[in-house]
Amino acid sequence: MSSLVQILINGLLLGSMYGIAAIGLSLIFGTMRIIFIAQGTMIVFFAYLTYWSFVKAGIDPYLSLLTVVPFAFVVGLGLFYLLFRKAAALEDRNVSLLLAVGLMYLVDNLILRVWSATPRGLDISYSGAMIVAWGIRVSWLRLALLGLAFGSAVVVFVFLKKTRVGTAVRAASEDMEATTILGINSVWVCAISFAIGIALAGVAGVGMATVYSFDYQFGFTFAIKALVALALGGMGNVFGALAGGLLLGVIENLAAYYIGIAWIEVASYGIFMLVLIFLPQGLFGRRGLVKKV
Amino acid sequence: MNRRKLIWAGFGALAVVFFGTLPFYYDVHRGQWGIFFFNVFVYVIVAQGWNLISGYTGQISLGQNAFFGVGAYTMALLWFNDVTKTGYYFDPVLMILSGVTPFILAVLVGVPLLSRLRGDYFAFGTLGMGMIVTVLFINGGMFTGGAEGRMLVPKMPPGVVFNLRTHYWVAFLVAVLATLVVYFMTSSRVGLALKAIREDEVSAASHGVNVLRYKVLAFAVGASMAGVAGSIYGYYLLQVTPSNVLTQNWLFYPILMVVLGGTGTILGPWLGAFLIYLMSWYGDQYVAGFSPILSGIVIILVMLFLPSGIIGLGQKVPGLGKRGRGSG
């Protein structure tokens with residue numbers, strides 16, 4: 001019994017990483033309709049930045065949230081205006097997809113050049129701190145990850161619901177053309193949601209650096225996992241994306257325990273396919289968002 | 001129009017004669033250009049397959065590497081276990097079968113994915129399929145040989161010498177065939193239906209086009225091209241492993257080649273394959289290790305400044321059509 005609870009908890013904690021990444025993807029996909037396949041790579045990149053600021057300057061990873069996340073936001077704005085502004089306006093999706101692929105190749109291999117292929121991980125003074133209750137062990141750092149995920153979801157949710165720009169973002173993800181007619185600057189809306197997406201990659205990067213070991217190849221798989229989480233949770237819903245991530249984490253941990261570690265990926269991608277085929281609006285997505293032919 | 005077609009056909013025939021007879025006056029086995037063009041031809045086959053489903057039909061497929069790998073494995077496993085009892089090198093039976101299995105897989109995956117969903121969801125689904133196929137082959141144990149794959153060198157029939165000349169010719173022949181298939185498919189009624197689907201699916205359906213059937217057909221034919229290319233490449237590698245036939249390179253490079261050359265054009269994939277492979281060829285020679293960084297930069301630059309491809313340059317009419325690409 002307690003092992004099952006342990007599995008569920010570990011799954012939730014792993015899933016919170018997917019959740020943060022999926023919220024970012026959902027913002028970018030919602031407004032620009034881009035499959036931003038470089039999201040995972042950006043996460044790994046920011047994880048390396050966190051790693052560096054810890055190793056070189058001794059900055060606590062949670063303190064580096066204050067520098068990494070704003071930096072990620074600026075990087076997002078820069079990337080958007082440099083690369084994606086024109087592509088987002090094209091109907092031809094290949095262009096933005098390939099731009100993301102190019103970015104992924106570029107950043108992946110820059111990471112390989114700068115930090116080599118050895119997996120990295122942080123050893124913080126409180127890495128080993130655990131909560132032990134009823135025979136279940138949870139490390140504080142992983143629990144903090146869950147807090148990080150919920151925190152980011154709430155921040156993004158409040159931003160979308162309570163601010164003018166957020167309302168514009170929501171409008172744009174419903175219908176971009178109508179939004180433009182209403183006099184909303186669609187470029188700015190896309191830029192903001194892209195930058196927030198990348199900032200969330202920064203949050204996820206810090207989280208990843210504190211708990212997991214990572215290397216330069218991790219990005220692609222992670223981006224697809226975030227996509228799976230997004231499909232599970234449903235588009236256009238911040239908490240749906242987070243819930244999708246948590247659920248995926250639980251599913252992966254259950255699969256690892258009951259079927260075997262080698263079959264984790266089969267389970268998660270299999271569920272991905274099933275959801276896409278039978279439940280295209282996701283578990284928590286709004287119905288009617290995905291039109292049938 | 002007819003005269004322009006004639007000129008193109010003349011150029012095409014000249015090119016076919018030139019590349020077809022190249023091994024007679026150039027040692028493709030020892031000279032470096034033999035292996036260079038072999039790789040270009042293999043990429044052309046995969047790229048033409050992607051061109052058919054995504055360039056002409058407008059459904060972005062992200063599963064070409066899975067079909068390439070399934071084709072390569074079909075050949076390798078059948079040969080390794082000697083299922084067909086036809087122990088030739090470059091066995092035509094095996095090569096045809098390695099086009100059939102991806103075709104079946106594409107129909108199985110394509111029917112549910114293409115009937116329910118459109119656009120981005122098809123891209124997601126094919127991406128997921130590629131990941132599943134990769135993991136299944138890695139976990140295949142005794143059947144697929146796992147991460148080690150299957151070593152085919154001991155299965156070489158006695159007396160056969162490994163000569164790249166065969167590889168060169170087979171790859172070239174199949175690349176030309178694939179191009180012809182795409183050409184005749186897209187210039188017939190089928191092609192009209194495919195382009196109608198690309199431009200406006202709802203309108204195509206309301207004009208009596210069986211949207212699902214044509215989309216699945218294009219997807220499956222494109223998949224079997226990738227599969228045959230995989231088997232040819234498998235005959236070159238002689239060891240088929242997940243890490244060399246199922247990598248992202250077989251997914252993203254063909255897409256880049258098609259887009260660079262000109263999406264939805266018949267010669268675009270040839271041009272793109274040649275240029276991109278040339279780049280990675282010299283990249284590996286002169287700036288080894290930085291080549292992937294270079295290709296990342298090239299992908300980004302091409303998309304920023306040449307989104308409609310090289311062939312699209314000549315046909316670009318500003319303001320005509322949102323796609324900004326020639327329609328072949």
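The structure is a predicted model, in which local features need pLDDT of at least 70 and side-chain atom pairs count only at pLDDT 80 or more, while totals for chains, interfaces and linings use all residues. Residues are numbered from 1 along each chain as its sequence is written, with chains lettered from A and ligands numbered from 1 in the order in which they are written.

Along its principal axes, the C-alpha trace of chain B spans about 60 × 45 × 40 Å. Chain B holds 14 helices and 2 strands, taken as DSSP runs numbered from the N terminus (helices: H or I, at least four residues; strands: E, at least two). Of its 328 residues, 49% count as buried; a residue is buried if 20 or more other C-beta atoms, placed from the backbone, lie within 10 Å of its own, exposed if 12 or fewer, and partly exposed in between. Among the contacts in chain B with a separation of 6 or more, 77% join residues 24 or more positions apart, a contact being two residues whose C-beta atoms, placed from the backbone, lie within 7 Å.

One residue of chain B stands out by its backbone: Leu238(B) has a positive phi of about 60 degrees although it is not a glycine. Leu238(B) sits in the loop between α9 (211-237) and β2 (239-240) of chain B, and is partly exposed, with 15 other C-beta atoms within 10 Å.

The largest nonpolar core has 200 residues, and those with the most contacts inside it are Ala21(A), Ala100(A), Ile45(B) and Val46(B). Such a core is a set of buried Ala, Val, Leu, Ile, Met, Phe, Trp, Tyr and Cys residues joined through C-beta atoms within 7 Å. Helix α8 (residues 186-211) of chain A gives the most to this core, with 17 residues. Not counting residues up to four places away in sequence, Ile45(B) touches Val174(B), Ala175(B), Ala178(B), Met225(B), Val228(B) and Ala229(B).

Turning to chain A, helix α6 (residues 164-174) has Ala168(A), Val169(A), Ala172(A) and Ser173(A) as its buried residues. Seen down the axis of α6(A), these fall within an arc of 130 degrees, so they line one face of the helix; the arc is that of the directions from the helix axis to the C-beta atoms. Arg164(A) and Glu174(A), on the other side of α6(A), are exposed. Ala172(A) counts as buried with 25 C-beta neighbours inside 10 Å.

Where the chains meet, the contact takes 41 residues from chain B and 38 residues from chain A. On the side of chain B that touches chain A, α5(B) gives the most, with 12 residues. By class, this side has 26 nonpolar, 8 polar and 7 charged residues (Ala, Val, Leu, Ile, Met, Phe, Trp, Tyr, Cys and Pro count as nonpolar, Asp, Glu, Lys and Arg as charged, and the others, Gly among them, as polar).
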